[in-house]
Amino acid sequence: MDYSAKLDQALDRLHQEGRYRTFIDIARRNGHFPKATWRRPDGTERTITVWCGNDYLGMGQHPEVLAAMHEALEATGAGSGGTRNISGTTVYHTALERELADLHAKEAALLFTSAYNANDATLSTLPKLFPGLIIYSDALNHASMIEGVRRNGNAKRIFRHNDVAHLRELLAADDPHAPKLIAFESIYSMDGDFGPIEAICDLADEFGALTYIDEVHAVGMYGPRGGGVAERDGLMGRLDIINGTLAKAFGVMGGYVAASARMCDAIRSYAPGFIFTSSLSPAVAAGAAASVANLKRDSALRTAHQTQARILKTRLKAMGLPLIDHGSHIVPVIVGDPTHTKHLSDKLLEDYSLYVQPINYPTVPRGTERLRFTPSPLHGADDIDRLVRAMDALWQKCALNRADQSA
């Protein structure tokens, strides 16, 4: 076999479909969020405004977070030195787990190197702990959840997105004595819609199922202390396992699950994705703990974040753009074609120094390709003005180009 030719064919398919992903080299500027330096292919540099970052609140540059990281780095050095079981559990890791357990009003939390790893490792381990477990998974769950659920073989059911009636049908059709778990998200990151948490909890109570919620795009940003949508709605106590990330609103790195002490102990003891992975750097853990603690007591950034998202959505909708708005902070503008989406992204960057990455298949279904904007409390009025003016100009050109092509 000509392996190189096969690789060329695979990559050529992506280019032909207009969904080949291009990295751009940026250096975020400490103290100037959301600005960054873009190093262009010709070696020149330009200041850009980042509109697609997941550091939703700018906590990655917060003075308390940086101070905690510097202190831990000076005290311990760079790495953790091992897995959690072998020398890689430090006072910084356990302190962070205590902060996270408190955030979600759970007995314990378990820290992973990423939320992807936390989802995958936990969901693939639970069937070992509960033989015969049937997992009911929302059709639009994140890839990390899908991967973890997939390893449960045939003992899985996929319910239509946010369709509680369909979920009920699936639950009712199965053995009432079989162990069950419902896996879903609080906010689905591509459309920005909310999961029906209370209704799912009601079904879980009725059918004796465990509940597993991914709050990755909500922790830090919703609820009185940043515990997520479940905290905002007073439902944390009805959820058995809560998954979250430290790499978005908390601005650092890592993921976790929060649950009962016994549940966390069992996952820790059986999950290969936890057992055989080196732990996060103590400096990262220290910074994450400082970020969590800060956002528990200060809701001003959360309030400002929601305000900026509402302003941007209102202005884009006023222009007649096809914007999806479910009331969350996520701002997706549907383009519907991978080539045009990439073109818009490129023109925003080259002509206006505005960076937003195109979102194409398989992240979203074909025909729903989009630009997904993530406003922050630190995107000012001038930043929003520049983005709105750029989108207005480019959208009209894009519409004209489409009309010419279809003529």
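**Cores, strand pairing and backbone features of the predicted model**

Leu246 is in contact (heavy atoms within 4.5 Å) with Leu96, Leu100, Leu111, Gly251, Val252, Met253, Gly254, Gly255, Tyr256, Ala288 and Val292, its neighbours within four places in sequence being left aside. The structure is a predicted model, in which local features need pLDDT of at least 70 and side-chain atom pairs count only at pLDDT 80 or more, whereas totals for chains, interfaces and linings use all residues. Residues are numbered from 1 along each chain as its sequence is written, and side-chain values use heavy atoms, with hydrogens and water left out.

Leu246 belongs, with Ile182, to the largest nonpolar core, which has 54 residues, and these two touch the most other members. A nonpolar core is here a set of buried Ala, Val, Leu, Ile, Met, Phe, Trp, Tyr and Cys residues joined through side-chain atoms within 4.5 Å, and buried denotes under 20% relative accessible area, exposed over 50%, and partly exposed the range in between, with a 1.4 Å probe and protein chains only.

Helices (H or I, at least four residues) and strands (E, at least two) are DSSP runs, numbered from the N terminus. Strand 13 pairs in the antiparallel sense with strand 16 (residues 370-373) over four bridges, pairing being assigned if DSSP finds at least two bridges between two strands. Within this pair, Ile334 has Arg370 of strand 16 as its bridge partner.

An open sheet of four strands shows mixed pairing and the order 1-2-3-14. Strand 1 (25-28) and strand 14 (354-355) stand at its edges, each with a single partner strand, so that one side of each is left without a neighbour in the sheet. Strand 1 and strand 2 (residues 35-39) run antiparallel and are joined by four bridges, and Asp25 stands opposite Arg39 in strand 2. The loop between strand 1 and strand 2 contains Pro34, which is joined to Phe33 by a cis peptide bond with omega of about 5°. A cis peptide bond also joins Tyr361 and Pro362, with omega of about 10°, and Pro362 lies in the loop between strand 15 (358-359) and strand 16.

Positive phi values occur at two serines. Ser353, in the loop between helix 13 (338-352) and strand 14, has a positive phi of about 60° although it is not a glycine. Ser353 counts as buried because its relative accessibility is 16%, and, residues up to four places away in sequence not being counted, Ser353 touches Arg46, Thr47, Ile48, Thr49 and Leu348. From Ile182, Ser353 is 171 residues apart in sequence and 43 Å apart in space, C-alpha to C-alpha. Ser87, which is located in the loop between helix 2 (63-76) and helix 3 (91-103), likewise has a positive phi, near 70°, but Ser87 counts as exposed, at 53% relative accessibility.
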